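Subject: Structure handover

Hello,

Here is the structure I promised to pass on to you. Please open it alongside this note, and my findings follow below.

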Amino acid sequence: MDIKSIIKDAEVNILPYFQAISNTAYANQIKILNAFRKFNVSERHFYSSSGYGYNDIGRDTLDTVYAEVFDSEAAFARHNIVSGTHAITIGLFGLLRPGDIILSVTGKPYDTLDSVIGINRTQTNYGSLRDFGVEYLQTNLIKDKTDINIFDLEKISSYLTSYPNIKVVFVQRSKGYESRPTLSSKLIGELNSYVKNFRPDVYLVVDNCYGEFTETHEPTYYGADMIIGSLIKNPGGGMCESGGYIAGNKKAVELAAYRLTSPEIGLEVGASLSQTKNMYKGLFYAPHTVAEALKTAVYAAYIYERLGYEVAPLYNDPRYDIIQAINFGSSDKLCAFCKGIQRGAPVDSFLTPEPWDMPGYDDPVIMAAGAFVQGASIELSADGPLRPPYTAFLQGGLTFESGKYGVICSVEEITGEGNALF
Ligand SMILES: *Cc1c(COP(=O)(O)O)cnc(C)c1O
């Protein structure tokens with residue numbers, strides 16, 4: 001197959017999907033502009049505060065803007081939340097008490113949450129939820145008759161009725177590093193209604209990482225009690241230096257705020273240390289940046305499918321997160337792919353990624369990341385564990401042009417075309 005003609009075809013054949021992505025970005029952009037207007041965002045909101053950060057109007061207004069944009073009663077976004085895992089930790093520890101149970105309904109949560117929850121009973125996870133007397137239950141996604149992944153409603157309802165101590169039902173929207181599809185906000189909303197039929201008292205909490213602005217509504221629009229994410233992913237728009245957010249109903253967000261700082265103090269304090277402007281600017285850019293990342297993913301899906309690799313989602317599938325999985329079938333190809341993505345990056349393009357034994361993973365992992373913000377996966381990045389089927393997870397791309405170039409570099413490495421394709 002002629003690689004050059006595949007690359008040429010790609011531009012034409014993916015165009016209709018780009019249009020749909022742009023429409024979503026436009027709807028989200030308007031929502032954000034409306035929120036900025038509603039709360040009169042202005043220069044004075046960008047000033048920095050220090051010390052306790054009392055009366056930081058910029059920080060407080062940004063919280064209100066986040067709540068508005070995410071169709072929720074309350075929210076907070078903070079630069080000093082160090083990662084998505086930290087944000088989720090704040091949310092869960094805010095809601096759960098000794099004797100409570102957390103029920104994950106999308107299988108095992110994201111790897112880094114293992115030790116937050118204390119999933120592995122034999123591990124001594126000092127400070128995990130389990131350590132504090134919170135138990136963990138899990139149901140997995142199952143396949144319906146048409147092979148579509150759905151919630152195991154029968155098991156979920158049986159748990160909800162037989163375990164009155166379930167306080168949190170936990171959903172991971174994105175597939176993360178699993179080989180299941182990502183869930184739409186609407187489907188999570190349907191689950192929420194189902195759960196509340198049995199137990200109106202539980203909190204439905206969503207790990208929203210990688211999902212923000214890929215659709216016109218977040219799970220909170222459909223009734224989720226809490227959504228949580230990272231600012232070096234989608235909602236930071238590639239502008240935030242670090243941070244996380246929590247949005248949801250008033251009570252849930254208040255409880256999380258007491259865990260973020262201190263009981264009673266909550267959101268009254270927290271110096272902004274000159275980070276606020278970037279956080280506004282990042283939110284402003286987010287719909288567009290997410291669209292660029294989605295276009296990059298669609299482009300990669302098209303090209304690698306045509307090259308004969310198994311990809312998920314397909315280029316013409318609906319998308320509810322920015323992750324593109326590509327099965328390379330061999331360790332060499334996976335490494336070559338990551339080498340190409342690294343070569344196309346604006347930062348550290350001269351490095352060659354090598355597999356390494358990452359803490360918490362059973363197999364060596366290879367990563368490509370040439371980002372302005374360390375570890376920012378809204379910037380073009382790829383990673384994958386060195387085990388069959390040798391899947392690379394590609395995500396991000398601040399601009400489609402740079403994303404496209406990264407993908408082309410990866411094709412050059414995979415096919416041994418050298419620098420011939422650009
Ligand atoms: C990124 C991510 C997290 C949190 O990851 P951090 O590396 O701690 O920011 C949690 N869940 C999912 C699905 C993610 O993609």
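**What I found**

P389 sits in the loop between β13 (381–385) and β14 (391–395), where helices (H or I, at least four residues) and strands (E, at least two) are DSSP runs, numbered from the N terminus. The peptide bond running from P388 to P389 is cis, and its omega is near 5°.

Before I go on, a word on the basis: this is a predicted model, in which local features need pLDDT of at least 70 and side-chain atom pairs count only at pLDDT 80 or more, while totals for chains, interfaces and linings use all residues. Residues are numbered from 1 along each chain as its sequence is written, and side-chain values use heavy atoms, with hydrogens and water left out.

There is another cis peptide bond, joining A312 and P313, with omega at about -5°. P313 belongs to the loop between β10 (310–312) and β11 (324–327).

Now to the loop between α8 (250–260) and α9 (276–306), which holds L273. The phi of L273 is positive, near 45°, although the residue is not a glycine. S274 is in the loop between α8 and α9 as well, and has a positive phi of about 65°, again without being a glycine. Are these residues buried or exposed? L273 counts as partly exposed because its relative accessibility is 49%, and S274 is exposed at 52% relative accessible area. Here buried means under 20% relative accessible area, exposed over 50%, and partly exposed in between (1.4 Å probe, protein chains only).

On to the ligand. Which residues are around it? They are S83, G84, T85, I88, Y110, Q172, D207, C209, Y210 and K233, with near meaning that a heavy atom of the residue lies within 4 Å. By class, this shell has four nonpolar, four polar and two charged residues (Ala, Val, Leu, Ile, Met, Phe, Trp, Tyr, Cys and Pro count as nonpolar, Asp, Glu, Lys and Arg as charged, and the others, Gly among them, as polar). Helix α4 (residues 84–95) contributes the most to the shell, with three residues.

A backbone N or O atom of G84 is 2.8 Å from a ligand oxygen, a side-chain N or O atom of K233 is 2.9 Å from one, and a polar side-chain atom of S83 is 3.4 Å from one. The ligand taken alone exposes 380 Å², of which the protein buries 88% (Shrake-Rupley method, 1.4 Å probe).

Best wishes

How values were computed:
A polar contact is a pair of N or O atoms within 3.5 Å; within protein, one must be able to donate a hydrogen and the other to accept it, and residues adjacent in sequence count only if both atoms are side-chain atoms.
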